[in-house]
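Q: Let's take a close look at one part of this model.

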Amino acid sequence: MSAAAMPRAGTARLSLHMAIEPLPLKTPFRISGHAFTAMPALDVVLDAGGHRGRGEAAGVYYLDDTPQAMWRTLEHHREALESGLDRDALQALLPAGGARNAVDCALWELQALRAGTTVAALAGVAPLRPLMTTFTIGADDPATVAWRARDWADARALKLKLDGEADADIERIRALRAARPEVWFGVDANQGYAPATIEPLLRALSDAGASLLEQPFARGREADLDGIDVAIDIAADESIQDLAELEARARHFDVVNIKLDKCGGLTEALAMERRARQLGLKVMVGNMLGSSLAAAPAFVLGQRCDLVDLDGPTFIARDRVPGVRYADGEIDCPHRVWGGMPCA
């Protein structure tokens, strides 16, 4: 059943509640151009008088989509949001981004609770199954990279963040592969490279048996990829935010990394997954760190994905209770995390 054809959340008035959660990290997390010590998020609750739908969004930091900006957006549209709008109306009301994501996820949960079912069932992916996920290692010194790779003893897939300094990144890649020769691994350049600097990195990735290179060039420079001879899959992250950008830029990539904060919620994410398949792309689900309340809706999308990168809650100093579970390199969603009736 398509998202547009699903039963609507209803027209009874809602009550909107918001809070900003600081979500400090256990340790600093480094990527190209940034070092994070926290990933603040906006919590949204839609109260229908007996049922409460919830959503969490961190936004998109490189687009200045902050929790504070999301709060202002939702406050500006409070009357429309509390009028009892459904997900179709929300798509028309708000653009892609964190604000729409938080409300969209809340509407999904509210719809499931009212119907006495689960979001997974509404989305056509029930029963849920555990998913192998990547576990991310920051752009640290090679010794720390090796230590963290070994520390993820149960991981069967690792993702290494790069910082754009080719020599240092190559040493990181070699350290990870030496520490864990058996795991699937990919790297995320977070826009840190250019055609003039990419060749040594590509050789190192080939030598190490890497399977994925995510977002090597800057957003807006997608055409630069067309002249690069690459033997591994190239994934779009920053380059493709939503369905419209998927249509415009899919031809430059092999994989699209769909994040609910980028595209504006599970509704659009599911539509992106369907369209990506039609365009011949593999599909990856990712996260902007965040707690289990953010990971749980993405876990629903992950049931349809080739690659899963949902380790965000492992970085949070104090996660939600109950939260998602990690074991044997997989993520699972226990009951009552999010999404209506207990997860299967």
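How many bridges join β6 to strand β16, and do the two run parallel or antiparallel?

A: Two bridges join them, and β6 and β16 (residues 330-332) run antiparallel. M132 stands opposite E330 in β16. (Strands are DSSP E runs of at least two residues, helices H or I runs of at least four, numbered from the N terminus; strands pair if DSSP finds at least two bridges between them.) Keep in mind that this is a predicted model: local features need pLDDT of at least 70, side-chain atom pairs count only at pLDDT 80 or more, and totals for chains, interfaces and linings use all residues. Residues are numbered from 1 along each chain as its sequence is written, and side-chain values use heavy atoms, leaving out hydrogens and water.

Elsewhere, the structure holds three cavities of 30 Å³ or more (sets of 1 Å grid points, over the protein atoms alone, where a 1.4 Å probe fits but cannot get out; lining residues have an atom within 4 Å of a point). Volume is the space filled by probe spheres on points joined across faces, edges and corners. The largest cavity has about 220 Å³; F29, K161, K259, N287 and M288 lie nearest its centre among 20 lining residues. β2 (24-31) and β8 (157-161) each supply at least two residues of that lining. The second largest cavity, about 140 Å³, has 18 lining residues, and α12 gives the largest share, five.

Note on methods. On a 1 Å grid over the protein atoms alone, a cavity is a set of points where a 1.4 Å probe fits but cannot get out, and a pocket is an open set with protein on both sides within 12 Å along at least five of seven lines; lining residues have an atom within 4 Å of a point.
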